[in-house]
Amino acid sequence: MPVQQSIRFILDDQVVELDFQQSGQYTPVTTVLNYLRSLPGHKGVKEGCGQGDCGACTVVLAEPDGRGGLSYKAVNSCLIFLPMIHGKQLITVENINEEDKDHHPVLHPVQLALVQHDGTQCGYCTPGMVASMFALYKNHRNPAKEVVEDALSGNLCRCTGYRSIVDAALDACKVKDNDHFSRNKEQVIEKLDALYRNTETIVIQTGNHTYLKPFTMTEALKLRRENPDALMITGATDVALLKTKKHLHLPKILDLSGLDELKLILEDHHRIVIGAGTTMEEIREYCISRLPALAGILHVFGSLQIRNMATMGGNLMSASPIGDTLPLLIALHAKVRLLGNNKQRDLPVEDFITGYRQTDIHADELPALILIPKPKKNVIIRSYKLSKRTDLDISTVSACFRMVLTKENKVREIDIVYGGMADRPKRAAAAELVLKDELWSRALVERAANQLEKAFQPLSDARAAADTRMIMARNLLLKFWLETGRDDLNEKKETD
Ligand SMILES: Cc1cc2nc3c(=O)[nH]c(=O)nc-3n(C[C@H](O)[C@H](O)[C@H](O)COP(=O)(O)OP(=O)(O)OC[C@H]3O[C@@H](n4cnc5c(N)ncnc54)[C@H](O)[C@@H]3O)c2cc1C
Ligand code: FES
Ligand code: FES
C-alpha cells in the first residue's frame, strides 16, 4: 500500500509539511492548540477549558467547498488532532489582518469593529472571538442577530459582556467581503487542491502511537479489517476528550474524516440519506426546511465550533443515553447502513444501540449511511431538549414524539422516545400502548404519562435527580399534547 507519513496544510499562507518522525516534538494526537502554541508567533490561540466549552482556542479551517470557493469553519483547536487538518488552510488570529505598503498592520474589519465597539477588556477570549467573527464574516453578509449570537455561543467572555461584541460582529458583517483571503482565494484553492491530489493513506507511527487516515472507502474497510483494535474517529469531538480531559493514551487511531464518500446528504421520495461523516452543521442547514424537528435539535447541539466537526456517525456510534439525535432517529424509524468486507446490513437505529455506549457493529464494519424515512405531510414530529443552559450544554432529558392522527382525532401511530432516562435512548412502549387508537385528549395523555414510571428508572447525577428527570419526561409529553391537541375539538366531534 503506498502511504504518506507526513501531513501538509497551509499556515500563514505557506504550505507546511510536518513529518512526525523527523520533528520528534509532536505525536499524531498532539492537538492543533498545543502545536500552535509551540510555534513562535502563534500564542494568540489560548487554552481555557481544553474540552470544547469556552472557545478561547477557536481557529478557522478553510477548504475548497466544491463550488469554486472556500468554506470557512470556526473550530475548537483543543479538540483537533494534527492529522485532521491535512489538506486544509489553518487560519489563526495572527494572520487575519494584513499590512499596508509600509508594512504597518491594517486591522481586519472584524478586528476594527471589535476595537470601535469596545469589545475587549482582559483580552483572553478575544483571539477566539475574532476567529469566530472572522468565520461569520466570511460566510454571511448582514446576518440576523440570531445568526451572530449562534456563531458566538461557543465563545465565553467573562468580562466584556456580549452586547458590544455582538454589535461589533453585526457591524463588521455589513461591509463587503474584500479581505486578503478573498483576494487570494484562487491561489489558496490551487495550493489546497495540490495537497489533496495525493490521496494516499496517511500512516503515522511515532513511539507508541499509530495513526491511520485513509481517503477511500475501500482502503478504510481494509484498514478496519486489519486493525480492529483501532479507535475510530471522524470529528473527534467525543474522542479528543479522552486525551484532553481523561489523559488516556490513545495508541491506535483510524481517522475516517478524509472519506468524501461519507460526507453527503441526499433524498428521494421516500427518505433522507445522510452520510455518517456529514457534520451536524451541514445537516442542520439542510434540515431547516426539510426536517425541522432535526434542525431544531441541532440548533441547540453544542456550539457552532462543535457542530462544524461533530458528525452524525460519531453521535450514533457514541451511543450515549443523551446523544441528541438518537431519540429522533429512533422515533422516525431510521436505519443505519453498515458496510463490511463484501457485505452490507441495514439495521434500525433502535436495534443498533444495544446498551450503555454499546452498538451492534461487527469488527470489520463501518457505519456508512443513516437512512431516515421522509415523514408524510400528516406526520406530527416534535423534538425537545432540556438542559441547564440553552446553548452549549448537554441534555438532562430529551424526547422525540412522532404521531399520526386519524380524521376522528384518534392516535393511529405514535412513537415516544426519551434520552437521559435509561442506559440508552429508549422508547416508552407502555405509554404508546395507552395512546394507540384512542382519542388524542389531555386525560388520555395524563394516563399515558403515568406509564413512564413503569418504563424508566432514571439515574440521579449532577444534572438532575431521578425524580426531577421523571417530572421532566412527564412534562415533555404534556407539552407535546399542548402543542398538538385540542380538547374543545374533541368535545365538538363527540357532540357531532
Ligand atoms: C463541548 C461539547 C459539546 C457537545 N454537545 C453535544 C450536544 O449538545 N449533543 C450531543 O448529542 N453531543 C454533544 N457532544 C458530543 C459530540 O459532539 C457528539 O457525540 C458528536 O456527534 C460526535 O461526533 P464526532 O464525529 O465528533 O465523533 P468522534 O469523537 O470522532 O467519535 C465518537 C464515537 O464514535 C466512534 N466513531 C466516530 N466516527 C466513526 C465512524 N466513522 N465509524 C465508526 N465509529 C466512529 C468513535 O470511535 C467514538 O466511539 C458535545 C461534545 C463536546 C466536546
Ligand atoms: S480551550 Fe476551551 S474550547 Fe478549547
Ligand atoms: S475580554 Fe476578558 S474574557 Fe472576554
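**Ligand shell, domains and selected elements of the predicted model**

Helix H14 contributes the most to the shell around ligand 1, giving 5 residues. The model is a predicted one. The shell counts 32 residues, of which Gly52, Gly235, Gly314, Asn315 and Met317 come nearest to ligand 1. By class, 16 residues of the shell are nonpolar, 13 are polar and 3 are charged. Domain 1 (3–95 + 183–255) and domain 3 (263–488) each supply at least three residues to the shell around ligand 1.

The protein divides into three parts: domain 1 (3–95 + 183–255), domain 2 (98–178) and domain 3 (263–488). Between domain 1 and domain 3, the C-alpha centres are 31 Å apart. Their contact draws 19 residues from domain 1 and 19 residues from domain 3. On the domain 1 side, strand S5 (70–76) and helix H9 (217–226) are the elements that give two or more residues. That side of domain 1 is made up of 7 nonpolar, 7 polar and 5 charged residues.

Strand S9 (residues 201–206) pairs with two other strands, S1 and S10. Strand S1 (residues 3–4) runs parallel to S9, and 2 bridges join them. Val3 has Thr201 of S9 as its bridge partner. Strand S10 (residues 209–213) runs antiparallel to S9, and this pair is joined by 5 bridges. Here Ile204 is partnered by Tyr211 of S10. S9 and S10 form a hairpin, with 2 residues between the strands. Gly207 lies in the turn and has a positive phi of about 45 degrees.

Positive phi also occurs at asparagine. Most residues other than glycine have a negative phi. Asn142, although not a glycine, has a positive phi of about 45 degrees. Asn142 sits in the loop between helix H4 (126–139) and helix H5 (145–152). This residue counts as exposed because Asn142 has 9 C-beta neighbours inside 10 Å, and the cut-off for exposed is 12 or fewer. Asn409 is likewise not a glycine, and its phi is positive at about 65 degrees. The loop between S21 and S22 holds Asn409. With 18 C-beta neighbours inside 10 Å, Asn409 counts as partly exposed; a buried residue would need 20 or more.

Helix H20 (residues 466–484) has 19 residues. From its first C-alpha to its last, H20 reaches 28 Å, close to the 27 Å expected at 1.5 Å a residue. The buried residues of H20 are Arg469, Met472, Ala473, Leu476, Leu477, Phe480 and Trp481. Their cover includes three strands, S20 (379–386), S21 (397–405) and S22 (411–419). Helix H18 (442–450) and helix H19 (452–455) are also among the elements that cover these buried residues.

Definitions and conventions: Residues numbered from 1 in each chain as written. Chains lettered and ligands numbered in written order. Predicted model: local features only at pLDDT ≥ 70, side-chain atom pairs only at ≥ 80, totals over all residues. Near = placed C-beta within 6 Å. Helix = DSSP H or I, 4+ residues; strand = E, 2+ residues; numbered from the N terminus. Nonpolar A, V, L, I, M, F, W, Y, C, P; charged D, E, K, R; others polar. Domains from an automatic or database assignment. Expected span 1.5 Å × (residues − 1). Contact = placed C-beta atoms within 7 Å. Pairing = 2+ DSSP bridges.
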